[in-house]
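Please walk me through this structure in the viewer, one selection at a time. Tell me what to select next and what is there.

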Amino acid sequence: MKSYLQNYIDGSWVDSEGGVRQPVVSPATEDACSEIVLGTAADVDRAVAAARRAFESFGQTTREERMALLERVIEAYKARIPDIAEAIAIEMGCPISTASTAQAGSGVAHLGQALASLKDFAFAESLGENTVVREPIGVVALITPWNWPMNQIVAKVGPCLAAGCTMILKPSEEAPTSAAIFAEVMEAAGVPAGVFNLVQGDGPGVGTALAKHPGIDMISFTGSTRAGIMVAKNAADTVKRVSQELGGKSPNIIIEGTPLDAALPGGVGGVLINSGQSCVAPTRMLVHKSQHDEAARMVGEMFAAKPVGDPLTEGPHIGPVVNKSQWDKIQGLIQKGIDEGATLVTGGLGRPDGLERGFYVKPTVFSNVTPDMTIAQEEIFGPVLAIMPYEDEDDAVRIANDTPYGLGAYIAGDPVKASKIVGKLRAGAVFVNAGGLVFDMPFGGYKQSGNGREFGKFGIEEFLEIKSVIGSYLPEKA
């Protein structure tokens, strides 16, 4: 793997001002697989200055100019998908089969949707004799996580470009190489100098400097709720906009009487993909008490049959979790489930048989989980599922809403019955007999899962200011 020891600022690869080297550890081997330099506040100052200069012209570009730019970015991105997928597989452990499709492939989907949404986006709206104008907010800091590294980068960068903003990206230091490759994509596409900048670093260093910087107009953050709170506090003194997509503990309600062989596989797949490291994963399966034991048996068999192995090998297996800290946290929560009286159906503590090295977790299922248990409340971020019995529809809704989170919710069963439940769930996205995200639909959460929305036209709106023009006015850019 290639090491990336420079930041990308103002259209050039430059050395950090005072940064220190840090190895990137492969979760499959526990050995260093790459190396970056953790940036500094001085690097942030340099990137912000470049972005502010670039905004003077880029903020005035036409829709057509930005559409042409996005088209070039898409073509340059497609050429680097194999490199991006390999980096994701090595650095965060996602098997190459998934890294090449759902992970790296999401970049094409988001960029394409940003282009499509920009084509018809209304930047000006007449209200009688007056006009409402939507203009780019300015310089935006994008702080992204390690679990879906390219998905979260491009879900922000695409709409940010479409809106006419300039930006500084700080990816997770756990999975930084795919972001560096993306900077090479932006360079190859001819993105004007200063429009896109990359500063590698950690949260306490670069993340805090970005959040506090008076030259940044907006923070778009994806990560844990704990980190999101700190970002918001650090941003408060400069009254900048903060848009956040945070943690989740999504319920999956199996409607009473639904055939389990049809309802269960989708929920199981949603938990196991990416080794459970998805904020919207349906990690609480709510099953009517009459079907609970049978569901536990069936799900337990599915989890027990899921292979675990090398992320660089093609196949349907899952890989390791991202690092030792996450592995230790997951082990602790599995132990909590046992200690608090949940029934361990399959999996449990330690590595899967035959894997003595790497941060691999046994696919684990608990049944008879009650809402007061730790594993029903805390985001585990691993291949661990809690099956919870409910009495009736009202009880299912109560349990579903009984967490601090509200990112996603799932319902499996009769659509007519599901329609009576949808409006009662406190979640930003409800999936009814459906599995994946739709890239032109808004994505974001209720409660402590964040604020703001991403994807499609809703993502573009996040990066715009609203201006009222009172009186006669002919907008140049409708």
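A cavity here is a set of grid points where a 1.4 Å probe fits but cannot get out. The model on screen is a predicted one.

**Cavities**

Searching the whole structure gives five cavities of 30 Å³ or more. Start with the largest cavity, which holds about 70 Å³ of space. Select P251, A400, Y405, G408 and R426: of the 15 residues in its lining, these are the closest to the centre. Next, colour α13 (393-401), β17 (405-406) and β18 (408-412), each of which supplies at least two residues of this lining. Sorted by class, the lining of the largest cavity has seven nonpolar, five polar and three charged residues.

Move to the second largest cavity, with about 50 Å³ of space. Select G248, K249, G276, S278, C279, A281, T283, E379, I380 and F381, the residues that line it. Four of the lining residues are nonpolar, four are polar and two are charged.

**Two residues with positive phi**

Select S275, in the loop between α9 (260-272) and β13 (284-288). Its phi is near 55°, a positive value in a residue other than glycine. Is S275 buried or exposed? S275 is buried, because its relative accessible area is 2% and the cut-off for buried is under 20%.

Then select N433, in the loop between β19 (429-432) and β20 (446-447). Phi of N433 is also positive, near 50°, and this residue too is not a glycine. N433 has 47% relative accessibility and so counts as partly exposed.

**Salt bridges**

The count of salt bridges comes to 21. Show the side chains of E35 and R21, which form one with their closest N and O atoms 3.4 Å apart. E35 is in strand β4 (residues 32-38) and R21 in strand β3 (residues 20-25), so the pair ties together parts that are 14 residues apart in sequence. E35 is partly exposed at 21% relative accessibility, while R21 is exposed at 56%.

Now select D31 and R357, whose side chains meet in a salt bridge of 2.8 Å, N to O. This pair links distant parts of the chain, 326 residues apart: D31 is in the loop between β3 and β4, and R357 in the loop between β14 and β15. D31 is partly exposed, with a relative accessible area of 40%, and R357 is partly exposed at 44%.

Go on to R80 and E184, a salt bridge with the closest N and O atoms 2.9 Å apart. R80 lies in the loop between α2 (63-79) and α3 (81-92) and E184 in helix α6 (residues 177-188), so the link spans distant parts of the chain, 104 residues apart. R80 is partly exposed at 21%, whereas E184 counts as buried at 17%.

**Surface and a helix**

Select I338, L344 and L349, a nonpolar patch on the surface with about 210 Å² of accessible area together. L349 sits in the loop between β14 (343-346) and β15 (364-367) and is partly exposed at 36% relative accessibility.

Finish at M230, in helix α8 (residues 225-236), which is partly exposed with a relative accessible area of 41%. Draw a distance from M230 to G203: the two are 27 residues apart in sequence and 9.6 Å apart in space, C-alpha to C-alpha.

Methods: Residues are numbered from 1 along each chain as its sequence is written. This is a predicted model: local features need pLDDT of at least 70, side-chain atom pairs count only at pLDDT 80 or more; totals for chains, interfaces and linings use all residues. Side-chain values use heavy atoms; hydrogens and water are left out. Patches are made of residues with over 30% relative accessible area and no salt bridge: like charges are joined within 9 Å, nonpolar side chains (Val, Leu, Ile, Met, Phe, Trp, Tyr) within 5 Å. Accessible areas come from the Shrake-Rupley method with a 1.4 Å probe; for residues, only the protein chains shown count as cover. A salt bridge is a side-chain nitrogen of Lys or Arg within 4 Å of a carboxyl oxygen of Asp or Glu. Helices (H or I, at least four residues) and strands (E, at least two) are DSSP runs, numbered from the N terminus. Buried means under 20% relative accessible area, exposed over 50%, partly exposed in between (1.4 Å probe, protein chains only). On a 1 Å grid over the protein atoms alone, a cavity is a set of points where a 1.4 Å probe fits but cannot get out, and a pocket is an open set with protein on both sides within 12 Å along at least five of seven lines; lining residues have an atom within 4 Å of a point. Grid points are joined across faces, edges and corners, and a volume is the space filled by probe spheres set on the points. Ala, Val, Leu, Ile, Met, Phe, Trp, Tyr, Cys and Pro count as nonpolar, Asp, Glu, Lys and Arg as charged, and the others, Gly among them, as polar.
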